[in-house]
Amino acid sequence: MKRKKFILPEGQMPTRWYNMVADMPHAPRPYLNARTHKPTTMADLSIILAEELARQELSTERYIEIPEEVQQIYRIWRPAPLVRATGLEKALDTPAKIFFKNEGVSPVGSHKPNSAVPQAYYNHKQGIRRLTTETGAGQWGSALAFAGRHFGLDVEVYMVRVSYDQKPYRRLMMNTWGAQCFSSPTTKSEAGRAALARDPHCMGSLGLAISEAVEMALREPDTTRYCLGSVMNHVLLHQTITGEEAILQMEMADAEPDVVIGCIGGGSNFGGIAFPFLRKKFCEGKAIRVVAVEPESCPKLTRGHFEYDYGDMSGYTPMIPMYTLGHEFQPSAIHAGGLRYHGAGAIISQLLHDQAIEAVAVPQTETMQAGILFARTEGIIPAPESTHAIAAAIREAEQAKREGSEKTILFNLSGHGTIDLYAYEQLLAGNLRDDRPTDEEIARTVERLEKLM
Ligand SMILES: *Cc1c(COP(=O)(O)O)cnc(C)c1O
């Protein structure tokens, strides 16, 4: 009998997050203050973030304890199951073993609350009353709405317009948890008004929505802070609960991954599953390949440049050393809204630069077809973002078949797609297009970056 799923007892949920910075071959370069171009300080960061989050952002400690209050909320859905994709293996007729970590079991439907909960907690502890944030596909906004509710915080979400129009249900989830949600660009902020003046039909972008959310937080420094759903070190730190659980569960399955795969927007679900396994690679010499999967329409890792860039469009965030397409890059309106981000977090970018991880870009139709196959073999309808990881896992399994190798594949199923059925409707109707930016399009926004490395 092939065991199907590996469930950790609640009492064995890991109680600390892992900080990748402690074990990297080369630490990432520091963030730079956008005005002075000097390394960012605690003081710079704590203007926009809760102090404890700013501290974690700069921390080099290997492990950070998960507060009991945060663990308590995690236990609503954690530990999350590790599942053997026996149905998918059979359909592919592959000798490979395929496992996935199911982060779609959270109330929000994705991995995002792993960081939303501690972010809300540390802000509440500091006496902050209101949080602002951006959201792409609506996953992060709903995660922060869910998390903020537990600590009685007001939550204001700026949602990228293309998703606001395509995905009304996530907005309704946010409203249900008591948050306010606006279609970005709005006329509330200067960044939004400027974008609308340039193009009244502007469909928005994550970078622009971040600018709006930061600007609105900076207006009320006594009561309000900004929260970010990805990219920054503290967010990736919180997500490592996924990989820490997966290590224990792979032991239960008596297996070790040869390759670990995650899709990448800013890098949080990928970092979350990958970092604890990279610790095994760096500290125990395990031969583990780690692969980040991006959409071909937003190829920051495979075609971007390693430069200092802003996390947003208006330059409110520190300058981050990242693989980037330039903060003015406007990806096409693919369904995987959470992957439409111009850059990758500093840790991931440094790891790629050092060739400690790999990156691959996959076209939209291939990912959504992988999603359909997964739904029909494993039952779960995956989020369009997560289908990127599935598509890469399928490529690995097919290669294993050609080579007759029994490799073990682990990927992060970052979320379910039950409220992203519009993407499936488009695929099934034959309406999906593959969009690949030209070299000229990428050069246009990359060339405008200041060369600070
Ligand atoms: C937000 C999101 C992503 C992309 O963000 P990362 O920070 O790169 O993980 C991927 N999958 C799902 C389901 C998401 O909601």
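Me: What do I need to know about the numbering and the cut-offs?
Reply: Residues are numbered from 1 along each chain as its sequence is written, and side-chain values use heavy atoms, with hydrogens and water left out. Since the model is predicted, local features need pLDDT of at least 70 and side-chain atom pairs count only at pLDDT 80 or more, while totals for chains, interfaces and linings use all residues.

Me: Why is Glu441 called partly exposed?
Reply: Buried means under 20% relative accessible area, exposed over 50%, and partly exposed in between (1.4 Å probe, protein chains only). Glu441 has 36% relative accessibility, so partly exposed is the label. Glu441 is found in helix α18, residues 439–446; helices here are DSSP runs of H or I with at least four residues, strands are runs of E with at least two, and both are numbered from the N terminus.

Me: What makes the Glu441 side chain and the backbone nitrogen of Thr438 a polar contact?
Reply: The rule asks for a pair of N or O atoms within 3.5 Å; within protein, one must be able to donate a hydrogen and the other to accept it, and residues adjacent in sequence count only if both atoms are side-chain atoms. That backbone nitrogen lies 2.7 Å from a polar atom of the Glu441 side chain, so the distance falls within the 3.5 Å limit.

Me: Which polar side-chain atoms lie by oxygen atoms of the ligand, and at what distances?
Reply: For His111 the distance is 3.1 Å, for Lys112 it is 2.7 Å, and for Ser230 it is 2.5 Å. The protein covers 97% of the 380 Å² of accessible area that the ligand has on its own, using the Shrake-Rupley method with a 1.4 Å probe (for residues, only the protein chains shown count as cover).

Me: How do you know that β7 and β8 pair?
Reply: Two strands pair if DSSP finds at least two bridges between them. Strand β7 (residues 154–160) has five bridges to β8, and they run parallel. Tyr158 stands opposite Phe182 in β8.

Me: Why are β8 and β9 said to stand at the edges?
Reply: The open sheet has four strands in the order β8-β7-β6-β9, with parallel pairing. β8 (180–184) and β9 (224–227) each have a single partner strand, so one side of each is left without a neighbour in the sheet.

Me: What makes helix α14 mostly covered?
Reply: Seven of its eight residues (346–353) are buried, among them Ile347 and Leu351. Just after α14, Gln355 takes a positive phi of about 60 degrees.
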